[in-house]
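Here is a short walk through one protein model. Take it one stop at a time.

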Amino acid sequence: MRTTLPAVHPAGEEPPSRSVRKPKLMEMMSTALRTRHYSRRTEEAYRHWVRRFIFFHELRHPADMAEAEINSFLANLAVEGKVSASTQNQALSALLFLYRHVLGREVGQIGDVIRARRPRQLPVVMTRDEVRSVISYLHRDKRIIATLLYGAGLRLMECLRLRVQDVDFELNQITVRNGKGAKDRITMLPRSVKPMLAEHLRRVKHLHQKDLLEGWGSVELPAALDRKYPGSPNAWNWQWVFPQERRWKNTETGRQGRHHIDESLVQRAVKEAVTLAGISKRASCHTFRHSFATHLLEAGYDIRTVQELLGHRDLKTTMVYTHVLNRGPSGIRSPVDML
């Protein structure tokens, strides 16, 4: 049996070290974002803007650029790209994150950069009759989702990411996990939607049991909980309230499972329902949430309560709905009507 002896090097010489591949800039960007628990959507958006910034400056490395290059990129977005102020500020946030947390350069060392002033826009709000009409043109799970968006003030992704254990039929409440700003909150479960939702969950449970019998039925869990609780991915309480109709399949491992329904399907269905209802307003899934807040304030509920239900950090964000109440111009009699 041959024994492999370690290589002998002349005295005073260091053995050749193995070359360690340095992580690329975008890999460092992803690591920095995930370490700070940014959402995957934010990660994708930030990576997108960093790539556009680099290509805009003809593949120069960001370490060789600073304030002047950032401002010229942002100015091009506004003037040539005609992007909104919020989009421009998102691009700025991505670049500032890159310089501060990846390249290790503080904002003060970069200097003043352009920060677009966001226009103050009032939210689009539907009347109660309009909400009722739009929901009537939706069917099955899309109808339940729209009812929850309006009845509980949920954002679309908050609704789609609900798990079975987040819905409490006894206490009539919904727990929103890891909402905007990585915050949890509790909102109401409308009594009128409970029978429809309970029947939907019976169908989903039957589908889950069928998946288990076929050797699948697991879902992805947040924060690596599947390693801490190995049986949880298959447990009923962790399943999505609104799962996809078809299982996804990993072509490499053969593993199958179900994710929650894709948001584009709901957005498309709501857009079609708005058209069928003959509503000329630019209504979308988020309009249900705006309508929820406005109608609660119209009914006389305290604005602090509405703020808590919506999960707003600042009361000023909630106060925008006071400007669209019927106590404004539409509640005042015009002098021309008194002639």
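Of the residues in the lining of the second largest pocket, how many are nonpolar, how many polar and how many charged? The lining has 5 charged, 3 nonpolar and 2 polar residues. Ala, Val, Leu, Ile, Met, Phe, Trp, Tyr, Cys and Pro count as nonpolar, Asp, Glu, Lys and Arg as charged, and the others, Gly among them, as polar.

This is a predicted model: local features need pLDDT of at least 70, side-chain atom pairs count only at pLDDT 80 or more, and totals for chains, interfaces and linings use all residues. Residues are numbered from 1 along each chain as its sequence is written, and side-chain values use heavy atoms, with hydrogens and water left out.

Now find the pocket. A pocket is an open set of points on a 1 Å grid over the protein atoms alone, where a 1.4 Å probe fits, with protein on both sides within 12 Å along at least five of seven lines; lining residues have an atom within 4 Å of a point. The second largest pocket holds about 270 Å³ of space. Among its lining residues are R140, D141, H200 and R258. Two helices, α7 (140–152) and α9 (194–213), each supply at least two lining residues. Helices are DSSP runs (H or I, at least four residues), strands likewise (E, at least two). The largest share, 4 residues, comes from α9.

Next, look at two loops. K82 sits between α3 (67–79) and α4 (85–102). Its phi is near 55°, a positive value in a residue other than glycine. N172 lies between β1 (167–168) and β2 (173–176). Phi of N172 is also positive, near 55°. N172 is buried (under 20%), with a relative accessible area of 15%.

Notes. Grid points are joined across faces, edges and corners, and a volume is the space filled by probe spheres set on the points. Buried means under 20% relative accessible area, exposed over 50%, partly exposed in between (1.4 Å probe, protein chains only).
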